[in-house]
Amino acid sequence: MKNNKIFLVASLFAACVLSSCSLDREPQDTYTKTQFDQDAVFAKIYATFGTTGQKGPDGSGDVDGIDEGTSSFYRMFWELNEFCTDDGWWIWNDVGLAEIRTQEWTKSNALVRGLYSRLYFDITLCNHFLDKTREATDEKTLKQIAEVRMIRAINYYYLVDMFCGGPMCLTVDPDNPMPATRSEMYRWLLYECKDLCGDDNDINADTEKEFKAKFPAHVIRPYGNNLPDSRENMYRVDRSVAWFILMRLYLNQPIYASDSPDKQIAPGSCYNSAAWYASRVIKESGRKLLTGDAANYVDGATNADDVATYSAYQKLFMGDNNSNGAQDEALLMIYQDANYCQSWGGARFVINAMRDANMMPNGSSDSWSCFRTSPELITLFFTKSDAEATMAHEYIMPVLAGDDRATFCSEYVKEDGTTSTWSLVGGKAADFNASWADAKWTGIYSTSKNPYVWSSPIGEPAWPDTDLPLFRLAEAYLSYAEAVMQGGNEAQGLTAKECVDAIRSRAHASLNYNLTNSFLLDEWGREFHAEGLRRSVLVRFGQFAGEKADKTWEGHTAGKEAKYNVYPIPETDETANKNLAGLNAAIGY
Amino acid sequence: MKKIFSFVAVALASAAMVADPAKTPTVGDVSANFDATSNVVLAVYFDEEVCNDVVFVGNHQGWQLEGATKAQELDGFDGWYIFEAPAEVEQTKDDGTTETVALQGKPVQLKKDGSFSWDFQTGDPDSWVSLGGQEAEISAGYDGEANLTWPSAGVYIYESKYFKNHNSPCVEAKSHEYHVTLYAPSCGGFKPAIIGDFNSWSEGVAMTEDMDDNGATIYTASFTDEEKHAFKFKEVNDTDWSNQIVLYNEEDDTSYDNPNITLGEVTDIKIDYSNGTWTLCTDAVDNIAADVVATKVIRDGQIVILKDGVEFNVLGAQVK
C-alpha cells in the first residue's frame with residue numbers, strides 16, 4: 001500500500017442542488033452556520049478528483065439524485081469521451097448508455113446529467129472556498145486560493161470542451177445563475193489560466209470590467225497571486241497545469257470560441273499560442289517522459305520468476321505509478337489507494353471494466369468484463385488481416401505490434417490449458433470477447449517480475465493502488481506537433497517531427513512515417529486509448545459529428561448531426577433555471 | 001539581401017521599372033467591372049511569363065491556397081492581372097474574439113504543376129508605395145517576407161516583378177538519380193543515413209557500407225530528386241538533430257549551422273568525412289585526433305571538401 005496519504009477528507013456537504021450556484025440549501029442556513037474549516041475544504045476540493053462522496057467507496061455521495069458511481073469526476077468525463085468513440089464498446093446496458101454509444105443522446109440522458117452535476121458541484125465547492133477566503137492575506141491561504149482557482153478552471157475546462165455554454169458560477173449564490181455562451185466561458189477561462197500562470201499581459205482593467213458587466217459575480221482577478229513555479233507533489237497543481245490547460249484551449253480555439261457546434265471560427269494566431277504553451281510544458285515544467293526498454297516477456301514460463309520486463313509506457317498505468325517514474329510524466333495525478341482512497345469511478349473502474357476472469361491477473365481480485373475495444377482501435381496498430389492472425393496476451397502483443405502501446409489481449413492460455421480468445425467481430429455485440437481486450441490499466445506493480453502469479457494483497461484485494469494521470473506530458477508533445485502542422489510557429493527550437501518521434505521512440509515504434517493530419521489523428525488514438533480523451537480529439541479533427549465527419553466506427557455512422565459535437569444542458573437544470581431557457585434549443589437539442 | 005524584390009509604383013515607374021509593360025491601365029480601365037467602393041481592386045503586372053494561375057492570398061482567406069482569389073487577366077493589357085478582395089476582414093484575436101482589420105495579402109504565381117509556393121510572390125519589404133493618391137503599406141512579415149496592407153477600398157495599380165527563388169514556376173524542375181559516396185570512419189555495425197527533401201527530412205535512408213579501391217571505408221546511397229533540392233547526413237535512426245555532420249568554417253573555427261548540401265547537375269557526389277567522428281558510434285575511433293573533426297570548409301559561402309590536400313565542391317568537382 002502506498003503511504004503518502006495526502007487527503008483529509010472532511011465531511012462537510014451532503015448534496016449539490018442543481019440550478020443554482022449554491023451548496024446544500026436544506027436547512028437554508030447550513031452554509032452560514034457551518035464553521036468553515038479551511039484546510040478540510042481545501043482537501044475536499046482536491047478529493048473531488050478521485051472520490052465521489054464523504055466515505056469510500058460509496059454511501060454518502062456528493063451529488064444527489066443520481067447513482068453515486070456515475071457522479072465521479074474521472075469516470076464521467078472518461079465515459080462521455082470514450083463510449084461514443086472508436087476506442088471501445090461498453091457492454092452493459094446501464095441507463096442512458098445505449099444512446100451515448102451510438103450518438104443519439106437527448107437532454108434527459110442520465111450520464112450527461114451525472115457529469116454536469118459533478119462539474120458544477122466541484123465548481124461550487126471551489127467558489128465556497130474562494131468566498132470564505134477572499135479577505136485573506138497570509139501566504140498559505142493565498143497559495144491555496146491559486147490552487148483552488150486552478151481546480152475550478154479544470155472543471156470549467158471540461159464544461160467548455162463538452163458542453164456549449166452553461167451557467168457561469170463564480171460565487172456561492174442561492175439565486176439562479178446567468179448563463180455564459182461557450183465563447184464567453186472560453187474567454188473567461190483563457191484569462192483565468194493566464195492570470196494563474198503569470199501571463200497576465202492581456203488582462204487589464206477593460207477586460208475585467210467587461211467580465212464584471214457580463215458576469216456580476218466575477219471577482220476582479222488578484223494579479224500576482226500565481227500558482228507555484230514547481231509542484232509540491234504529484235497530486236497538487238502548479239504553474240505548468242495552467243500552461244497545459246492553455247495549450248488545450250488554444251489548440252481547440254476554433255471550436256471552443258464558437259457558439260455553434262456546426263461552425264468553427266477562423267484560427268487566427270491560436271496555433272502559435274498552442275505551440276508556445278506546449279513548448280513551455282515540454283521544456284519548462286520539470287516533467288519528463290518516462291522512457292526505458294521495450295516490453296519483454298518470456299512466454300510459457302507462467303510459474304517462473306523474472307519473466308516480465310514492463311515497458312515505460314506500461315508503467316504509466318501500473319499500481320506503483322506514483323513511484324516508478326510515471327509520476328514525473330504526469331502533470332497532475334489523481335490519488336487512488338487500495339486502503340485509503342476507494343471510488344467506483346477511479347482506478348477500480350478503468351481496470352475492472354476492461355478485464356475478465358479469463359485474462360492475466362490485473363492487480364485486483366475483481367473484473368467486470370464490460371468495456372472492450374472496438375476493432376477500429378486495433379487497426380491503428382495492425383492491418384485487419386494481420387490482426388486476425390495475431391493471437392497473444394497483453395505482455396506479448398506489444399512485441400508483435402512493434403509498439404509498446406498495443407496493450408491488448410487476443411488470446412490467453414491459462415496454466416490449466418483453458419484457452420480464451422477475443423475476436424475482431426465488433427458489430428455492437430454485447431460480448432466482451434467480440435473484440436480484443438485492452439489491458440492498458442493494471443493494479444500490478446512494475447516491481448513484480450511475474451504478473452502471472454500475482455496474488456491478492458491482504459486487505460482490500462479488489463481495490464488497486466494505480467493513480468490516474470489526469471494530464472500527461474505526452475499530450476504536450478502531440479499537441480505541439482498538431483499546432484505546428486496546423487500552421488503554428490515553432491517554439492523553443494522544437495520541430496513537429498521530433499515531438500512525434502519522442503513519443504514513438506518511447507513506445508519503441510517505427511520512426512518511418514509521414515507526418516500528416518490523418519497520421520496524427522491515429523497517433524492520438526495509439527497514445528491515448530482508454531484515457532478519456534478520444535471524443536475531444538475526434539471533434540477537433542472534424543471527425544466526430546457534422547456533415548464533413550466521414551469516419552465510421554462500431555456504433556457510429558458518418559455524418560451525425562453537428563449538435564452531437566457537444567452534450568446538452570440536462571433537462572432537469574434547464575427546467576429549474578429559467579435563465580437557461582433556449583440554450584439547448586439554439587444548438588438543436 | 002537574400003530576396004530581391006522590385007515593386008514599383010506607377011508614379012515612379014519610369015525611373016525604376018525593370019520590365020516595360022506595353023501599356024499601363026488607368027484607374028478607370030481597372031474599375032469598370034469591379035466594386036472599388038467596398039473592395040480593394042488590385043492590378044498587378046507580372047514581368048515574367050505566367051504559365052499558370054496567379055492568385056491573391058491573404059488574411060481574408062487564411063493565407064492558404066485553398067480559397068485564394070484567382071486573378072483575372074485584364075483585357076487589352078498584356079501581363080496585367082486583377083485581384084479583388086474585401087477591404088475589411090474579420091479576424092480572430094488571440095482570445096478567440098474577432099476584430100475587423102484591413103486587408104493584407106500578396107499576389108503569388110502558382111507553379112507549373114498548379115502547386116503553391118511562397119517562392120513566387122511579390123513585394124518589397126523596405127518600401128512604401130503611393131499610388132493614385134492612396135498608400136498601401138508594404139510590411140515585413142515575421143520571417144522577412146513582404147505583406148501588403150491596404151488602408152481602404154479603392155483601386156491600386158502596381159507594376160511588379162515577382163520574386164524568384166530558384167526554378168521559375170514556368171520551368172519544370174529537372175530530376176536526377178544522385179549517387180552519394182561518403183568517406184567516413186567505419187564503426188562496427190553503425191551506418192549513417194541521408195535525409196533530405198527527397199524523403200521530406202523524415203527517417204533517413206541508411207547508407208551501405210563498402211570499401212573503395214584503396215581500402216578506405218565508404219558509405220553509398222542513391223536517390224532521385226530535383227535539382228536545387230538539398231540533403232544532409234545524419235546518424236541513422238537517431239531522433240536528435242544535433243547528431244548530424246557538423247561542418248566547420250576553417251577560417252574562424254565556428255560551426256556552420258545546419259549545412260545542407262544542394263543538388264545540382266553533377267549526380268556523382270563525393271564527400272570526405274574520413275577524419276570525422278560519429279556521435280553515436282560505440283567503438284572508439286582511436287586514430288582520430290579529437291580536434292580534427294572537420295574536413296569541410298565554407299569559402300565564399302560555398303561548402304568545399306578537402307581530400308588529400310585537394311579541394312572539391314560538394315558535387316565532386318575539383319575546385320583547385
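**View 1. How confident is the prediction for chain A?** Chain A averages a pLDDT of 88, with 91% of its residues at 70 or more. Two stretches to treat with care are residues 1-17 of chain A, with pLDDT below 50, and residues 24-33 of chain A, where pLDDT stays under 50. The model gives residues 1-17 of chain A 53 contacts beyond near neighbours in sequence, and residues 24-33 of chain A 9 contacts beyond four places in sequence.

**View 2. Strand S12 of chain A, paired with S6.** Is strand S12 of chain A (residues 468-472) largely enclosed or left open? It's largely enclosed by the rest of the structure, because 5 of its 5 residues are buried. S12(A) pairs with strand S6 of chain A (residues 330-334) in the antiparallel sense, over 4 bridges. To find your place in the pairing, look for Ala330(A), which sits opposite Arg472(A) of S12(A).

**View 3. Inside the largest nonpolar core.** This core counts 176 residues, and Leu189(A), Met247(A) and Tyr480(A) have the most contacts inside it. Helix H6 of chain A (residues 139-162) is the top contributor, giving 12 residues. Zoom in on Leu189(A): setting aside neighbours within four places in sequence, it contacts Ala153(A), Tyr156(A), Tyr157(A), Val160(A) and Leu249(A). A separate core has 29 residues, among them Val40(B), Phe83(B), Trp150(B) and Tyr158(B).

**View 4. Gly292 of chain A, in a loop.** You'll find Gly292(A) between helix H11 (270-284) and strand S4 (296-297) of chain A. Why does Gly292(A) count as partly exposed? It has 18 C-beta neighbours inside 10 Å, whereas a residue needs 20 or more to be buried. Not counting residues up to four places away in sequence, Gly292(A) touches Ser311(A) and Ala312(A). Thr133(A), by contrast, is 159 residues from Gly292(A) in sequence and 45 Å from it in space, C-alpha to C-alpha.

**View 5. An open sheet in chain B.** Here 4 strands line up in the order S17-S18-S14-S23, with mixed pairing. The edges belong to strand S17 (208-211) and strand S23 (268-272) of chain B, each of which pairs on one side only. On average, neighbouring strands in this sheet are turned by 30 degrees against each other, direction ignored. Strand S14 (residues 175-183) and strand S18 (residues 217-226) of chain B are antiparallel partners over 9 bridges.

**View 6. Where chains A and B touch.** The contact draws on 22 residues of chain A and 14 residues of chain B. Sorted by class, the chain B side has 9 polar, 4 charged and 1 nonpolar residues.

Key
Residues numbered from 1 in each chain as written. Chains lettered and ligands numbered in written order. Predicted model: local features only at pLDDT ≥ 70, side-chain atom pairs only at ≥ 80, totals over all residues. Contact = placed C-beta atoms within 7 Å. Nonpolar A, V, L, I, M, F, W, Y, C, P; charged D, E, K, R; others polar. Pairing = 2+ DSSP bridges. Helix = DSSP H or I, 4+ residues; strand = E, 2+ residues; numbered from the N terminus. Axes fitted to C-alpha atoms, helices over the stretch in contact; angles between N-to-C directions. pLDDT = per-residue confidence, 0-100. Core = buried A, V, L, I, M, F, W, Y, C linked by C-beta atoms within 7 Å. Buried ≥ 20, exposed ≤ 12 C-beta atoms within 10 Å, placed from the backbone.
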